[in-house]
Amino acid sequence: MDILNALIMGLVQGLAEFLPISSSGHLEIFREILGLDLSGEESLEFDVVLHIATVLSTIVVLWHEFVPLVTSFFCFKRDNNFHTVVKILISCIPVGIVGLCFKDVIESFFGTDLTMVGICLLVTAALLSFSYFFRTRPLDDAPKGKQPYQPRDITYLDAFIIGCAQAIAVLPGLSRSGTTIATGIIIGDKRAQVARFSFLMVIIPILGQAVLDIKDYITDPAATVMQSIGWQPLLAGFLTAFIVGCIACRWMIEIVKKGKLIWFAVYCLAAGILCIIY
């Protein structure tokens, strides 16, 4: 992989991580377009590097929320911020189980043809469409005699359900942010709150994977993605994903507040059909 290809992949990751269109799926699509010859393991490890960049961009954009969360949790303040961190930890349980027990299965879906990506993009389109039509009635526009829909704060059970959605969304083409945000909206959570929760809940699993990769590099440097791809392309992709991710994160929160996810559903539908036909 050369630096130009890495820049393109970083751009794709930075945009697609926060937009509900599947970053992993689009990385697979652009791997095919650019003709990148990577094994399933190399593809997955390179994706993790790019995901670390967008996780750091999440921390930067949501810094004013991130610091109070960390402070409350480690100081055991037992306030709303403390409970939010506990909910985030609960949401990480399903993806942790999938990552530890089914890593080889997950790797088999990366670096293959685009049929699986296309199918998962269609599922993403269906989820976004359902969340749009299922939970969009304004509070003052309910049918006569019916109780208007009132979104609620995320509960512990909601956090676990959203975490299960995140675990399923490890498949390329199934948008992590789209799946988790749509799930939160469908079960009745507040839009802006579930958007922020979706972006924060990915921090722990991605940084956990980063720690494991660093451990592998220390124990066996020759077996890491840095040896097969090179540090210059990795750095170029990382920096691009970080910078673009900072912009896209702010943009996506505003989009979710306004309830405009249906347009991304249309895009995923078209992209999914093209992937399957291709």
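Is serine 22 buried or exposed? Serine 22 counts as buried, because its relative accessibility is 1%. Buried means under 20% relative accessible area, exposed means over 50%, and partly exposed lies in between (1.4 Å probe, protein chains only).

This is a predicted model, in which local features need pLDDT of at least 70 and side-chain atom pairs count only at pLDDT 80 or more, while totals for chains, interfaces and linings use all residues. Residues are numbered from 1 along each chain as its sequence is written, and side-chain values use heavy atoms, with hydrogens and water left out.

**Figure 1. The whole protein chain.** The protein chain has 14 helices and zero strands. Helices (H or I, at least four residues) and strands (E, at least two) are DSSP runs, numbered from the N terminus. Of the 278 residues of the protein chain, 49% count as buried. Take the contacts between residues at least 6 apart in sequence: 79% of them join residues at least 24 apart. Contact means heavy atoms within 4.5 Å.

**Figure 2. Helix 1 against helix 2.** Two packed helices are described by the angle between their axes and the distance between the axes. Helix 1 and helix 2 pack at about 155°, and their axes are 9 Å apart. Helix 1 is therefore roughly antiparallel to helix 2. Axes are lines fitted to C-alpha atoms, for helices over the stretch in contact, and angles run from 0 to 180 degrees between N-to-C directions. Angles under 35 degrees count as roughly parallel, over 145 as roughly antiparallel, 65 to 115 as roughly perpendicular and the rest as oblique. The crossing of helix 1 and helix 2 is right-handed. A crossing is left-handed if the near helix is turned anticlockwise from the far one by less than a right angle, and right-handed if clockwise. Helix 1 brings Asn5, Ile8, Met9, Val12, Gln13 and Ala16 to the contact. They meet Ser23, His26, Leu27, Phe30, Arg31 and Leu34 of helix 2. These contact residues divide into seven nonpolar, four polar and one charged. Ala, Val, Leu, Ile, Met, Phe, Trp, Tyr, Cys and Pro count as nonpolar, Asp, Glu, Lys and Arg as charged, and the others, Gly among them, as polar.

**Figure 3. Two loop residues with positive phi.** Most residues other than glycine have a negative phi. Serine 22 has a phi near 75°, a positive value. It lies in the loop between helix 1 (3–16) and helix 2 (23–34). Arginine 78 also has a positive phi, near 55°. Arginine 78 sits in the loop between helix 4 and helix 5. At 58% relative accessibility, arginine 78 counts as exposed.

**Figure 4. Helix 4 across helix 5.** The axes of helix 4 (residues 63–74) and helix 5 (residues 80–101) come within 8 Å and cross at roughly 90°. The two helices, helix 4 and helix 5, are therefore roughly perpendicular. Pro68, Leu69, Ser72 and Phe73 in helix 4 are in the contact. Their partners in helix 5 are Asn81, Phe82, Thr84, Val85, Val86 and Leu89. The contact of helix 4 with helix 5 has seven nonpolar, three polar and no charged residues.

**Figure 5. Helix 9 and helix 10.** Helix 9 (residues 176–186) and helix 10 (residues 191–201) have axes that come within 9 Å and cross at roughly 140°. Helix 9 and helix 10 are therefore oblique to each other. Their crossing is right-handed. From helix 9, Arg176, Ser177, Thr180, Ile181, Gly184 and Ile185 take part. They meet Arg191, Val194, Ala195, Ser198, Phe199 and Met201 in helix 10. The contact residues divide into six nonpolar, four polar and two charged. Helix 10 is mostly covered, with eight of its eleven residues buried. Among them are Phe197 and Leu200.

Figure 6. Threonine 183 is found in helix 9. With 13% relative accessibility, threonine 183 counts as buried. Residues up to four places away in sequence aside, threonine 183 touches Ile161, Ile162 and Ala165. The buried residues of helix 8 (residues 156–168) include Ile162 and Ala165.

**Figure 7. Tyrosine 278.** Tyrosine 278 is found in the segment after helix 14 (262–277). Tyrosine 278 is exposed, with a relative accessible area of 66%. Leaving aside neighbours within four places in sequence, tyrosine 278 is in contact with Glu32 and Leu114. The C-alpha atoms of tyrosine 278 and leucine 114 are separated by 7.6 Å, although these residues are 164 apart along the chain.

Terms used: The expected span of a helix is 1.5 Å times one less than its number of residues.
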